[in-house]
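User: I have a model open and want to go through it with you. Can we start with the strands and take it from there?

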Amino acid sequence: MPLKNYGVLKGSAINRALGSGRNPHYQIHVVDDDTDYRIAVNVRSALSPSEVEYLVDPRFTHPVLPHLEALELGWHDLASKPGGPALDYIRSNLFDPRQMVPLPFDIPGPDNDLNEKIDHYVQRAMADESAIVYAFGERWGPEQGKKDKIFGFLPGNGVHDIHMNQGNVGRFVDDDGVYQDGALLLHFPEQAQWVGVFLKFQSQSWHTDDVTGHRIRPEVSGPPSDAGIALRPFERGSLPTPEAPDGAVRIVAALANSVGSPEIETVTLLNVTDGTVDLAGWRLLDLDKNAMALSGSVAAGDTLRIILEAPVVLSNKGGQITLLNADGLRVDGVAYTQVEASLPGFSIAF
């Protein structure tokens with residue numbers, strides 16, 4: 001079943017503790033107006049391979065940010081659905097999955113392990129009175145009469161599962177769900193800067209069911225000896241596969257604010273492969289997951305400009321565009337902000 005108490009904590013960071021072999025979590029002490037919380041961030045996986053995949057985006061932008069700024073300090077339960085503040089690594093188009101890399105948490109030397117990658121921005125937030133931390137994950141506590149074992153405040157209370165929470169294997173499959181992924185976002189208002197920290201276990205799949213969040217395993221060809229082979233997501237320089245089609249066709253531009261009447265919105269696709277891609281059965285989705293069926297094909301190395309049709313809409317207030325193939329697997333996805341869509345007649349480049 002999905003996480004029981006998914007949401008986001010908004011507060012100020014006042015202390016932290018590095019993850020260690022005995023407790024492989026990077027810990028953050030966060031306070032709101034009157035409550036203490038501990039944020040427990042996994043920096044090592046319980047399953048092999050143990051190195052956690054991470055991405056730190058020092059200039060994070062996304063249409064979810066205005067929702068977060070409008071929240072009061074403290075914990076907020078979130079509905080696991082599109083259109084609101086809930087996060088989904090696959091469906092919210094928060095970042096390019098190919099930018100995530102695995103990293104150990106305890107490498108000797110400065111600024112070269114996962115503890116230190118997170119600590120760089122948390123330390124900065126601790127030194128900046130205006131900085132705000134947003135921790136997405138599952139709430140635990142308050143545990144009345146129990147002192148927090150890391151920071152010593154009463155009662156014990158906090159947020160964990162600060163990582164992708166779908167596409168799991170083994171005993172963690174029960175945690176699967178959509179629009180319930182964890183992350184750390186740090187806002188530095190004086191610099192007008194948002195930093196996104198996104199974490200994923202290598203055992204988790206990039207393609208999951210839209211209802212359950214369980215991993216999707218489409219039919220692929222091959223001999224019986226192929227059984228059990230886990231195909232990794234598409235990486236630059238490698239070929240897409242039926243199970244890992246990521247990036248075979250890219251969304252490279254969109255026109256969300258047309259000057260014509262009636263308004264015409266478009267999306268431009270680029271085929272990065274060396275062969276023609278048949279778009280029969282493929283779909284484009286908008287922020288609210290309205291879908292438009294595609295047809296035709298894109299030649300190798302060529303682009304295709306698609307004129308959008310209802311019900312798909314690109315809002316001038318910011319939105320998302322997702323490309324799914326005939327198997328329903330995410331091939332590419334992008335997001336844009338209100339600022340990027342503010343110039344009439346200008347296309348947004350991704």
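User: Which residue stands opposite Trp194 in E10?
Analyst: His187 stands opposite Trp194. This is a predicted model: local features need pLDDT of at least 70, side-chain atom pairs count only at pLDDT 80 or more, and totals for chains, interfaces and linings use all residues. Residues are numbered from 1 along each chain as its sequence is written, and side-chain values use heavy atoms, with hydrogens and water left out.

User: How do E9 and E10 pair, and over how many bridges?
Analyst: Strand E9 (residues 183–188) pairs with E10 in the antiparallel sense, over five bridges. Strands here are DSSP runs of at least two residues (E), helices are runs of at least four (H or I), and both are numbered from the N terminus. Two strands pair if DSSP finds at least two bridges between them.

User: What about the hairpin of E9 and E10: how many residues are between the strands?
Analyst: Four residues lie between the strands of that hairpin. Ala192 takes a positive phi there, near 50°.

User: Which other strand is joined to E10 by five bridges?
Analyst: Strand E4 (residues 52–57) is, and the two run antiparallel. Leu55 has Phe198 in E10 as its bridge partner.

User: Is E10 enclosed or open?
Analyst: E10 (residues 193–200) is largely enclosed by the rest of the structure, because eight of its eight residues are buried. Buried means under 20% relative accessible area, exposed means over 50%, and partly exposed is in between (1.4 Å probe, protein chains only).

User: Which residues are on each side of E10?
Analyst: Gln193, Val195, Val197 and Leu199 are on one side. Trp194, Gly196, Phe198 and Lys200 are on the other. Both faces are covered. In a regular strand the side chains alternate between the two faces of the sheet.

User: Now E7. How many of its residues are buried?
Analyst: Nine of the 12 residues in E7 (residues 132–143) are buried, and the strand is mostly covered.

User: Which strands does E7 pair with?
Analyst: E7 pairs with strand E1 (residues 6–17) in the antiparallel sense, over six bridges. E7 and E9 are antiparallel too, over five bridges. Strand E8 (residues 156–160) also pairs with E7 in the antiparallel sense, over four bridges.

User: Switching topic. What is the order of the open sheet of four strands?
Analyst: The order is E17-E12-E11-E20, with antiparallel pairing. Strands E17 (303–307) and E20 (348–349) are the edge strands, and each pairs on one side only.

User: How many bridges join E12 to E17?
Analyst: Five bridges join E12 (residues 266–271) to E17, and the two run antiparallel. Leu269 has Leu304 in E17 as its bridge partner.

User: Thr268 is in E12. Is Thr268 buried or exposed?
Analyst: Thr268 counts as buried, because its relative accessibility is 15%. Leaving aside neighbours within four places in sequence, Thr268 is in contact with Arg250, Ile251, Val252, Ala253, Thr303, Leu304 and Arg305. Contact means heavy atoms within 4.5 Å.

User: And Thr322, where is that found?
Analyst: Thr322 is in strand E18 (residues 318–324). Thr322 is buried, with a relative accessible area of 4%. Not counting residues up to four places away in sequence, Thr322 touches residues including Arg91, Asn93, Ile251, Arg283 and Asp332.

User: Zooming out, how many helices and strands does the chain have?
Analyst: The chain has two helices and 20 strands. Buried residues make up 51% of its 350 residues.

User: What about contacts between residues at least 6 apart in sequence?
Analyst: Of those contacts in the chain, 65% join residues at least 24 apart.

User: Last one: how many positive and negative side chains?
Analyst: The chain has 28 positive and 46 negative side chains. Lys and Arg count as positive, Asp and Glu as negative, and His and the chain ends are not counted. The centres of the two sets lie 4 Å apart, with each charge placed at NZ of Lys, CZ of Arg, CG of Asp or CD of Glu.
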